Structures are given as C-alpha cells and as structure tokens.
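Visitor: I have just opened this entry and would welcome a short tour. Could you take me through it?

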Amino acid sequence: QVQLVESGGALVQPGGSLRLSCAASGASGSIFKVYAWGWYRQAPGKQRELVATLISADATNYASSVKGRFTISRDNAKNMVYLQMNSLKPEDTAVYYCNARASTFITWGQGTQVTVSS
C-alpha cells in the first residue's frame with residue numbers, strides 16, 4: 001500500500017497562487033505499481049470532484065473549470081506529486097485530496113484546506 005500526505009493548503013486572495021504537495025510513501029514496489037496520480041477536491045455540501053490526473057506516461061487531464069490555471073506534476077525521485085494553482089477563484093475553495101491508483105489498490109490522503117477569499 002501507499003500512504004499519501006498533502007500539504008500547502010492556505011487562505012489566499014482571489015487571483016493568487018498556491019502549490020499543493022503530496023508526499024507518497026510505502027514499499028517501493030507499491031509506489032511503482034501506481035499508474036495514475038490525481039488531485040480531487042470537495043467543497044462544503046458538494047460531492048468530491050476530479051481536479052487533475054497524471055498517468056504514468058505523463059499524460060495529464062484537467063477538469064474544465066481549472067484547465068489553463070492548474071498544473072499537475074510529479075517528481076519521481078522524491079515521490080512527490082504537486083498541484084500548482086494560479087488565478088485562484090473563490091469557487092476553488094475546498095478540501096483538496098491526493099489520490100493514487102494501482103490495479104490492486106486506491107489510496108487517498110487526508111486532505112488539505114484551500115480557501116480563496118478577500
């Protein structure tokens with residue numbers, strides 16, 4: 001299994017930027033099995049939704065609401081996944097979760113709060 005820990009959430013003004021980090025740990029064999037890394041978010045009273053995914057071949061996919069503003073990336077050497085968020089809007093306010101998918105497991109982090117407000 002893989003364990004995920006998110007960090008980087010904060011209160012930021014509209015138009016600002018944040019970078020979220022997700023640290024992956026566990027047996028090296030487990031991390032190697034992950035074929036997709038993702039960021040999801042859940043706002044109060046709403047369902048969890050996909051923000052961005054990165055497939056093992058470095059193919060990326062974004063929700064239409066964040067395309068052009070958010071970028072997902074990975075540092076294999078450090079077992080880290082990042083979400084760079086620019087031009088933040090109040091509607092981006094949510095708890096952001098990191099996600100790892102393998103053929104035999106799906107793992108979630110505990111989440112990090114992002115609040116966009118003036």
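Predicted model: local features only at pLDDT ≥ 70, side-chain atom pairs only at ≥ 80, totals over all residues.

Visitor: Which cysteines does the disulfide join?
Guide: Cysteine 22 and cysteine 98 are joined, with an S to S distance of 2.1 Å. Cysteine 22 belongs to strand β3 (residues 18-26) and cysteine 98 to strand β9 (residues 94-101), so the pair ties together parts that are 76 residues apart in sequence.

Visitor: Left-handed or right-handed, and why?
Guide: The disulfide is left-handed, because the torsion about its S-S bond is about -85°.

Visitor: Is cysteine 22 buried or exposed? And what about cysteine 98?
Guide: Cysteine 22 is buried, as its relative accessible area is 0%. Cysteine 98 is likewise buried, with a relative accessible area of 0%.

Visitor: Now to the sheet. In what order do the four strands come?
Guide: The order is β1-β3-β8-β7, in an open sheet with antiparallel pairing.

Visitor: Which strands stand at the edges?
Guide: The edges are β1 (2-7) and β7 (70-75). Each has a single partner strand, so one side of each is left without a neighbour in the sheet. From one strand to the next, the twist averages 20°.

Visitor: How many bridges join β1 to β3?
Guide: Six bridges join these antiparallel strands.

Visitor: Back to cysteine 22: which residue stands opposite?
Guide: Glutamate 6 stands opposite cysteine 22 in β3. That cysteine is also the disulfide partner of cysteine 98.

Definitions and conventions:
Residues numbered from 1 in each chain as written. Heavy atoms only, no water. Disulfide = S-S within 2.5 Å. Helix = DSSP H or I, 4+ residues; strand = E, 2+ residues; numbered from the N terminus. Buried < 20%, exposed > 50% of the residue type's maximum accessible area, 1.4 Å probe, protein only. Pairing = 2+ DSSP bridges. Axes fitted to C-alpha atoms, helices over the stretch in contact; angles between N-to-C directions.
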